[in-house]
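Please consult the sequence and the structure while reading.

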Amino acid sequence: MWMSGYAGRTAPAQEAETELWAKASVLENAHGIRAVLVTLDLVGIDRQMSQEICNRITSLHKIPREAIVLSVSHTHCGPVVGSTLSTMYALDATQQSRVASYSRKLIDRIEQVVTQAAQRVEPVTLAWGVGSAGFAVNRRANIEAEVPAKRAAGIALAGPVNHDVPVLTARRADGSLCGIIFGYACHATTLSYQKWCGDYPGFASSDLESTHPGSVAMFFAGCGADQNPLPRKTVELAKEYGLQLADAVERVIDLPMITLAPEFQAIYHEIDLAFVKVPSREEYEFDLKSQDRFLASRARGFLADLDGGKSIPATYPYPIGIWRLGKSLEIVSLGGEVVVDYSRTIQEAISDRRAPQRSSQTENIADGSILGSDVWVMGYANDVMAYIPSLRVLNEGGYEGASAMVYYGRPSPWAADVEERILTEVVRQSGHLKRQSPQLLKQ
């Protein structure tokens with residue numbers, strides 16, 4: 001099959017460096033209501049695939065939509081699935097057939113892995129902490145070739161980063177680990193060869209599962225759309241970054257963690273994000289003649305839609321959800337490739353909003369525990385439809401702010417209120433959870 005993530009590839013995959021995994025973690029409360037996190041070694045999934053997976057899970061397991069999160073690692077060494085980045089690839093009929101066939105098979109397999117997880121529910125204790133790993137670099141603010149020398153000389157790198165490693169563990173009654181959920185805000189782009197590979201998140205997960213036999217390690221991507229692992233391009237570096245990330249997780253696990261109260265709430269809503277403009281048929285006909293094959297490919301798709309009686313949408317239904325575990329740990333899930341600004345901005349917005357209530361929201365916190373923020377922001381969740389720039393990045397332009405929209409087949413960059421709309425909805429959802437009665441969980 002063809003591989004996803006890089007426009008410059010000219011051939012399908014040749015062999016496998018590692019397996020690619022779909023994993024699921026299911027929580028069930030005392031009333032039989034369940035929640036599920038699915039992690040996937042993929043660049044992304046589209047809206048149609050996400051909806052079908054969620055509909056199946058809801059139908060089979062009675063899990064409400066707000067209690068389902070589908071998360072991708074964004075490895076660039078996974079297969080093309082669905083319509084994600086379809087403008088980027090010039091696939092022949094054989095490859096298109098393989099993508100369609102594999103996408104259908106993948107949905108079946110995700111359904112199966114959720115069913116397997118649901119059948120293995122057992123009593124556990126959940127705990128959390130936050131560590132740190134320093135290999136993510138702001139790729140917009142640093143020249144890749146200069147990074148190793150600057151690091152060797154002790155020169156600080158430019159641009160915002162988020163080196164947090166949030167960790168959630170599930171322990172059985174005997175104290176053994178059965179689940180490790182961890183995140184990091186960085187592109188999984190160490191590798192760009194013609195082999196299937198989970199990149200550094202896959203190597204980190206394998207390291208953790210080897211250290212803790214009988215456990216399942218699940219990675220989620222944070223707001224790392226403008227972050228790269230640097231230097232890169234070798235398997236040895238991917239393994240090294242995986243080891244650094246696994247070590248950061250281990251340091252959290254080795255210290256006292258924050259035990260979560262057996263409570264759970266969830267909320268989910270889609271908001272309309274506006275594009276700055278919808279080009280006319282004449283503009284697309286002009287792009288169709290472009291020497292830029294990606295502009296021409298996007299134009300070809302939109303012209304086919306117009307010829308079929310469809311209109312070009314002026315907005316996109318953007319998915320946002322929040323899980324609250326225990327009294328205060330909030331996991332915000334955002335669709336698309338979210339830039340790093342959102343992680344700190346959302347953490348600050350939620351913390352500021354709930355500060356007066358903080359005294360009544362305490363957990364069982366042991367002395368010496370790793371705290372960090374109790375607001376985690378997950379990108380690449382539920383639907384990877386485009387890059388999601390902050391207003392700063394949108395105004396700066398460049399790849400994440402504008403030109404990547406061509407590869408995703410979107411009509412134009414986002415409107416200037418993209419960040420405002422997202423932050424407003426996240427704060428609204430967080431406040432709504434405060435007003436609801438908690439649903440008690442027995443995991």
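**Backbone geometry and exposure**

Lys 62 lies in the loop between helix H1 (47-61) and strand S4 (68-72). The model discussed here is predicted.

Q: Is Lys 62 buried or exposed?
A: A residue counts as exposed when its relative accessible area is over 50%. Lys 62 has a relative accessibility of 63%, and therefore it counts as exposed.

Q: What is the phi of Lys 62?
A: Most residues other than glycine have a negative phi. Lys 62 is a residue other than glycine, yet its phi is positive, with a value near 60°.

Q: Is Tyr 380 buried or exposed?
A: Tyr 380 is located in the loop that runs between strand S17 (375-378) and strand S18 (387-388). Its phi is positive, near 55°. Buried means under 20% relative accessible area. Because its relative accessibility is 2%, Tyr 380 counts as buried.

Q: Is the peptide bond from Leu 230 to Pro 231 cis or trans?
A: Pro 231 belongs to the loop between strand S11 (227-229) and helix H5 (235-254). Most peptide bonds are trans. For the bond from Leu 230 to Pro 231, omega is near -5°, and the bond is cis.

Q: What distance separates the C-alpha atoms of Gly 8 and Tyr 89?
A: Gly 8 is placed in the segment before strand S1 (15-16). With a relative accessibility of 64%, Gly 8 counts as exposed. Gly 8 and Tyr 89 are 81 residues apart along the chain, and the separation of their C-alpha atoms is 9.3 Å.

Methods: Residues numbered from 1 in each chain as written. Predicted model: local features only at pLDDT ≥ 70, side-chain atom pairs only at ≥ 80, totals over all residues. Heavy atoms only, no water. Helix = DSSP H or I, 4+ residues; strand = E, 2+ residues; numbered from the N terminus. Buried < 20%, exposed > 50% of the residue type's maximum accessible area, 1.4 Å probe, protein only.
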